[in-house]
Amino acid sequence: MTAVQLPPGEDCGRPPPEGFEAFFMRYEPRLRRYLYTLGARGSLLEDAAQMTLEVAFRSWPSLQDHPRQDAWLFKVARQRYAKAYKEHLKLGDLTDPVLFDRLHQDDATAGCDRRLDLLAMLRRLPEQQCEAVVLSGFLPPQPVCSVPGLIVS
């Protein structure tokens, strides 16, 4: 496999990628698009992609000389997607792509989870930033820095 050449200015002084790194950079975006067309979304897509690339990495000594690396990769990706789909199904995770698109509208628990995540993020903010974020949600649209009594540093 030939080394992938990065556009000028994006190489950051690094030597061009070789071996599995070049393979990864070339095929990882295509792999994700392929899994997406199979119906994988969210964590299902991430799990299937990770499992596929892990198999590719472990098989690299034989894969690097394979005449059709893309065909090999997509065959393994389909198998790993089926395995990840079954695992997600056992755990009760969403696996139907149609449901992923409606999740934010129909699932009350997803909205609750998002609010809990937001509250956890708010707790990590410094006090003044937290106050500004909370106030911006209750006040009519205006620059938060013009709220009386709020000192922005």
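Is aspartate 47 buried, partly exposed or exposed, and at what relative accessibility? Aspartate 47 counts as partly exposed because its relative accessibility is 30%, where buried means under 20% relative accessible area, exposed over 50%, and partly exposed in between (1.4 Å probe, protein chains only).

Before going further, note that this is a predicted model, in which local features need pLDDT of at least 70 and side-chain atom pairs count only at pLDDT 80 or more, while totals for chains, interfaces and linings use all residues. Residues are numbered from 1 along each chain as its sequence is written, and side-chain values use heavy atoms, with hydrogens and water left out.

**The whole chain**

Display the protein as a cartoon: it has seven helices and zero strands, where helices (H or I, at least four residues) and strands (E, at least two) are DSSP runs numbered from the N terminus. Buried residues make up 25% of the 153 residues. Among contacts (heavy atoms within 4.5 Å) with a separation of 6 or more, 49% join residues 24 or more positions apart.

**Helices α1 and α2**

Select residues 19-38 for α1 and 42-58 for α2, whose axes come within 10 Å and cross at roughly 145 degrees; the axes are lines fitted to C-alpha atoms, for helices over the stretch in contact, and angles run from 0 to 180 degrees between N-to-C directions. On the α1 side of the contact, pick out Phe20, Phe23, Phe24, Glu28, Leu31, Arg32, Leu35 and Tyr36, and on the α2 side Leu45, Glu46, Ala48, Ala49, Thr52, Leu53, Ala56 and Phe57. By class, this contact has twelve nonpolar, one polar and three charged residues, with Ala, Val, Leu, Ile, Met, Phe, Trp, Tyr, Cys and Pro counted as nonpolar, Asp, Glu, Lys and Arg as charged, and the others, Gly among them, as polar.

**Two residues of α2**

Centre on alanine 49, which lies in helix α2 and is buried, with a relative accessible area of 3%. Not counting residues up to four places away in sequence, alanine 49 touches Leu31, Arg32 and Leu35.

Then return to aspartate 47, also placed in helix α2, which, leaving aside neighbours within four places in sequence, is in contact with Ala84 and His88.

**The nonpolar core**

Finally, select Phe23, Leu31, Leu35, Ala40, Ala56, Leu73 and Tyr81, which touch the most other members of the 19-residue largest nonpolar core, a set of buried Ala, Val, Leu, Ile, Met, Phe, Trp, Tyr and Cys residues joined through side-chain atoms within 4.5 Å. The elements giving two or more residues to this core are α1, α2, α3 (60-63) and α4 (69-91), and α2 provides the largest share, seven residues. End on tyrosine 81, which, apart from its neighbours within four places in sequence, is in contact with Leu35, Leu38, Gly39, Ala40, Leu44 and Ala48.
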